[in-house]
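Please read it alongside the sequence and the structure shown here.

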Amino acid sequence: MMQLTYSAEIEAIRTDAGFSKPVVALESTIITHGMPYPQNLEVARAVEQEVRDAGAVPATIAVLNGSLHIGLDPEQLTDLAQARDVAKVSRADMAFVMAQGKSGATTVAATMIAAQAAGIEVFATGGIGGVHRGAELTFDISADLRELALTDTIVVAAGAKAILDIPKTMEVLETYGVPVIAYGQDVMPAFWSQQSDIPAPLHCDTPQQIAASFRTRQALGLSGGQLIANPVSKSDEISAEEIGPMIELALHEAHAQRISAKAVTPFLLNRIFELTEGKSLQTNVALVKNNARLAAQIAKSCWELPKS
């Protein structure tokens, strides 16, 4: 069995039965690939604090020198925020990076794998990956979607990233049997925007309802997680009408420059950052914090509702 390395904060609440407090997993790619230092460190600390303030314990996950870390101590978080050439690991290359003794930041898929290995049931992120536009030609589909069908983790996100083909993403999630639950509204959020024109397959209004659904899936023996689509607040959003033309322009430029594969998403996000004059990043930070708060509330509800 894989040896996990726990931060002092997480080690202090470990028990034979799991954890003595609710825990929320956090990814590390937002630190290494999301924004420059020192803003990345400030945001990482702020997101962890949102989890604590909402009554749970944060566990930022990363691979450091080949070891899979569940929770990062303050100095490790600082070092990671300043590190260069850190791999971005997913299911396909996570084990390889670890075997080579290298360091890697965990994507949604890799964070889910690590969370399940550690017994953490709830994970907060910004937005999941999904089906890229034009995927019928490129077959560019994120590993995040299949991971949601394989790994027993509740993932709280502001929907799929709006640069993606959201209808096709929803179709793939349905094919994989992943419950997609919109929180507090009947339509899917669209990452930077609070609402899209896509109806939500499922709808919950409380963390307790989400926890009960998850426990019922476990009781039925259904593997896989739940995707909780948590809309960004109205005050922090960029409306779909405003950001839609910018996304289309960025996609056109990516196609014209023949940008493909793993380079597509970073290019698009950076171009939209430029086109929105930085507002897209402000919204991104706000929605991650919002997701962390909800994830902590769900983790508390799951912790209070033991497996049957």
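In this predicted model, the largest pocket has a volume of about 1200 Å³. Its lining comprises 39 residues, of which Lys 88, Lys 161, Thr 265, Pro 266 and Leu 269 are the closest to the centre. Two or more lining residues are contributed by each of helix H2 (29–32), H8, helix H12 (264–275) and helix H13 (279–303). The largest share, 6 residues, comes from H12.

The second largest pocket holds about 640 Å³ of space. Among its 28 lining residues, those closest to the centre are Gly 18, Phe 19, Gly 119, Ile 120 and Glu 121. The elements that supply two or more residues to this lining are strands S1 (4–6), S2 (14–15) and S3 (18–19), together with H6, helix H10 (207–220) and H13.

The classes of lining residues are set out below.

H8 contributes to the lining of the largest pocket, and H6 to that of the second largest pocket. The axes of H6 (residues 108–118) and H8 (residues 143–150) come within 8 Å and cross at roughly 20°. H6 is therefore roughly parallel to H8, and the crossing is left-handed. On the H6 side, the contact is made by Val 108, Ala 109, Met 112 and Ile 113; on the H8 side, by Ala 143, Asp 144, Glu 147 and Leu 148. By class, these contact residues comprise 6 nonpolar, no polar and 2 charged.

How values were computed: Residues numbered from 1 in each chain as written. Predicted model: local features only at pLDDT ≥ 70, side-chain atom pairs only at ≥ 80, totals over all residues. Heavy atoms only, no water. Axes fitted to C-alpha atoms, helices over the stretch in contact; angles between N-to-C directions. Helix = DSSP H or I, 4+ residues; strand = E, 2+ residues; numbered from the N terminus. Parallel < 35°, antiparallel > 145°, perpendicular 65-115°, else oblique. Left-handed = near helix turned anticlockwise from the far one by under 90°. Contact = heavy atoms within 4.5 Å. Nonpolar A, V, L, I, M, F, W, Y, C, P; charged D, E, K, R; others polar. 1 Å grid on protein atoms, 1.4 Å probe; cavity = no way out; pocket = protein on both sides within 12 Å on 5 of 7 lines; lining within 4 Å. Points joined across faces, edges and corners; volume = space filled by probe spheres on them.
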